[in-house]
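Subject: Structure handover and notes

Dear colleague,

Please find the structure below, with the sequence alongside it. I would be grateful if you could read the notes that come after it with the model open.

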Amino acid sequence: MAATILAAGLGRRLGGRPKAALQIGGRSLLERLVDALRAAGIEQIRIVLGPYTETLLPLAQRCGLQVLAHDRPETGLIDSQRLSIQAHLAPGQAQGLGQSPAPAQAPDLMLVLADLPWLQADHVQALLEHWQRRTAGIEAQMPLVAGVRGHPVLLSWRAVGQIDALAPGAGIRDWLKNHPGLIGPFISQQRAYITDLDTPADLAALEQAVWPEPVRWPAPWDQP
C-alpha cells in the first residue's frame, strides 16, 4: 500500500490558511498524519500541494515526502485526485519497494485528506487489515460511520487504472457512483474517520478537546 496526502486546499472557511500546518502541542497536523501512516506500515507517501507551498513544502521535505505540486494557484479536489493517480501509475513509481514499475504490479493506493486531526496509526491499521481480508472483486474501500462515508479511501491498482482512464473533470466519486458493486465499506464507530477541520466551529471543538495542549497556526498564519 502506498499513500497520497491531499493538502492542496485553500482553507477558505478558516480564513485562507494551510490546514495541514496547524499545530497541536507544537506538532503540525501533517507531521502527526505522516507518523500515523508510517507507524501503520506505509512507507511510500506522497503529498499533493497547491497554494501555501512556502509553509507546507518545508514540512513535507522534513517528513521525507515526495511532493506533487499543482501548476496553478487554485485547484479542486478532483484535480488533486487525478494528479495523485497519474503519479502513482507513472513508470518507476514502485522504485524502492522492490517491485517492477509495470502498472499491473503497482501497489494499491490510499488517499487521505490532510485535515484529519484524530486519525492515528491504529485507525489506519484497522483499515489495512480489513482491506487485506476483503472478498474477491472489491476494488475500493472507505470507512462508513453512522451512515457517513469517511476517509481514507483505499483503491486497488485496478481501480486506480480505471479512474485514470476517466474523462477529464471526473474523479473518484464518479467512479464510485458507477461501480457500487466494487465498493467494500469498513463499518466503524470511530469518528476520527469523519472528523475533519473545515470551519471555525471545527477548530474550536478541536481546541476544547485537546486542552490544555495549545492549538496554534504557525507564522505568518497566526495573525488575524
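The notes below go from the conventions to the whole chain, then to the strands and to a few single residues.

This is a predicted model, in which local features need pLDDT of at least 70 and side-chain atom pairs count only at pLDDT 80 or more, while totals for chains, interfaces and linings use all residues. Residues are numbered from 1 along each chain as its sequence is written, and side-chain values use heavy atoms, with hydrogens and water left out.

Overall, the secondary structure consists of 7 helices and 12 strands, where helices (H or I, at least four residues) and strands (E, at least two) are DSSP runs numbered from the N terminus. The radius of gyration, taken over C-alpha atoms, is 17 Å, which agrees with the value near 17 Å for a compact globule of 224 residues; the globule rule used is 2.2 Å times the number of residues to the power 0.38. Along the principal axes, the C-alpha atoms fill a box of roughly 50 × 40 × 35 Å. Of the 224 residues, 49% count as buried (under 20% relative accessible area, with exposed meaning over 50% and partly exposed in between, for a 1.4 Å probe and protein chains only). Taking contact to mean heavy atoms within 4.5 Å, 73% of the contacts between residues at least 6 apart in sequence join residues at least 24 apart.

Turning to the strands, two of them are said to pair if DSSP finds at least two bridges between them. Strand β4 (residues 45–49) has 5 of its 5 residues buried, with I45, I47 and L49 on one side and R46 and V48 on the other. Strand β1 (residues 2–7) pairs with β4 in the parallel sense over 5 bridges, and β4 also pairs in the parallel sense with strand β5 (residues 66–69), over 4 bridges.

Elsewhere, 3 strands form an open sheet of mixed pairing in the order β9-β8-β11. Its edge strands, each pairing on one side only, are β9 (148–149) and β11 (186–188). Strand β8 (residues 143–145) runs parallel to β11 and is joined to β11 by 3 bridges, with P143 standing opposite F186.

Leaving aside residues up to four places away in sequence, G171 touches I78, Q81 and L166; the C-alpha atoms of G171 and I78 are separated by 5.1 Å, although the two residues are 93 apart along the chain.

Y52, in the loop between β4 and α2 (53–62), has a positive phi of about 65° and counts as buried at 12% relative accessibility. A146, in the loop between β8 and β9, has a phi near 50° but is exposed, with a relative accessible area of 68%. The peptide bond from W211 to P212 is cis, with omega near 15°, and P212 sits in the loop between α7 (200–210) and β12 (215–216). The bond from A219 to P220 is also cis, with omega near 0°, and P220 is in the segment after β12.

With kind regards
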